[in-house]
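Hi,

Here is the structure I promised to pass on to you. Have a look at it first, and then read my notes below.

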Amino acid sequence: MELQTEVAGIRLEHPLMNAAGTCRSLEEVKELSRSASAAVMVGSITVEPRTGNTGDVYWAGPMFSLNSLGLPNRGAPYYRETISEMVAVAHGENKPLFVSVAGFSPEEYANLTELAFGGGADLVEQNLGCPNVWQGSTQKRIACFDPALVTEILHRVEERVGADAKVSVKISPLSDPFALAGLAQVIGASKVAKVVTTVNTFPNAFSYNGAKPRITPGGGFAGFAGPAMKPIGLGQVRQLRELLPDRIQIIGVGGITHGKDIREYRESGAVAVQVATAYLERHEQVFSSLLDELLEVASV
Ligand SMILES: Cc1cc2nc3c(=O)[nH]c(=O)nc-3n(C[C@H](O)[C@H](O)[C@H](O)COP(=O)(O)O)c2cc1C
């Protein structure tokens, strides 16, 4: 089985890497660079440093995970200082370094994208699907549900870094096929978008732990991911492969726990895949286990 792949013209030894939300510091970049991940995804990063939400912010069970981390990260000043070192560490292990950015306005997306490319990042992923950011009792708009906002963000990013930049657009699962087609049209019309990464977490899930919500912030609402997300992720990848122009590639993410899941995402149209929950639960060894299983299922 051919494991080598290519995303936005960047060669990857195999299709598996960590997903955004699992690596924020230079130390974590070092860990991932030593692992069997094909690339290192840093972020999501924001302009201001964020301590993130407090209380119970992550839970994982056998079927699904919930999180409401609230984008904890050290903010633009830290990444302006360290991205070039992160790039050097990842490149030293022959891995590209990708950076996920989360702005609070189109201008912030453009600023963060410029910062990441300025530090030498190989690809920048626009996180348009983060549900867990609250200002008081008001939830931040999830950008991918607003096609006009997506257009504006991609326009600002393209204006700033040029149409040839290697940019991925990460989106939430959209249950309405017409809305998904509308979003695909907007992304397809953008020259700077080379890749769509799907799916981010399903927003505002809720679960009890006895009589109490499992997750503390935001009234217990949380981003849903993990194994139960896989059929949804596969459905989104298959629909988007039909909807997007051929020049836009797809990275599949959601519910990968076994090598056969990678095969299913690839057969559905993804050129590469990412893991968040499985990596958080099983740490670095998850990459080699999944790859061994992928090779096993390929040989039967
Ligand atoms: C604890 C946690 C934090 C996350 N943080 C981010 C983030 O900062 N940016 C982002 O684009 N996605 C974030 N995600 C979403 C994941 O990257 C991924 O899209 C989603 O969890 C589905 O993959 P999984 O089923 O392998 O977990 C986060 C997910 C988890 C579980």
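In this predicted model, the buried residues of helix 7 pack against strand 3 (16-18), strand 17 (249-253) and strand 18 (272-275), and also against helix 6 (230-243) and helix 9 (285-298). Which residues of helix 7 are the buried ones? Helix 7 runs over residues 259-268, and its buried residues are Asp 261, Ile 262, Glu 264 and Tyr 265. They span an arc of only 160° around the axis, so they sit on the same side of helix 7. Here's a handy bit of background: an α-helix has 3.6 residues a turn, so residues three or four places apart point the same way.

Now for the ligand. There are 27 residues around it, and the ones that come nearest are Ala 19, Gly 21, Ala 225, Ala 276 and Thr 277. Strand 6 (65-67) and helix 8 (277-282) are the elements that give two or more residues to this shell. Sorted by class, the shell has 14 nonpolar residues, 12 polar and 1 charged.

As for the whole protein, you can count 9 helices and 18 strands in it. Its C-alpha atoms fill a box of roughly 50 × 50 × 40 Å along the principal axes. Of the 300 residues, 48% count as buried. And of the contacts with a separation of 6 or more, 73% are between residues 24 or more positions apart.

Cheers

Definitions and conventions: Residues numbered from 1 in each chain as written. Predicted model: local features only at pLDDT ≥ 70, side-chain atom pairs only at ≥ 80, totals over all residues. Helix = DSSP H or I, 4+ residues; strand = E, 2+ residues; numbered from the N terminus. Buried ≥ 20, exposed ≤ 12 C-beta atoms within 10 Å, placed from the backbone. Contact = placed C-beta atoms within 7 Å. Near = placed C-beta within 6 Å. Nonpolar A, V, L, I, M, F, W, Y, C, P; charged D, E, K, R; others polar. Arc of directions from axis to C-beta.
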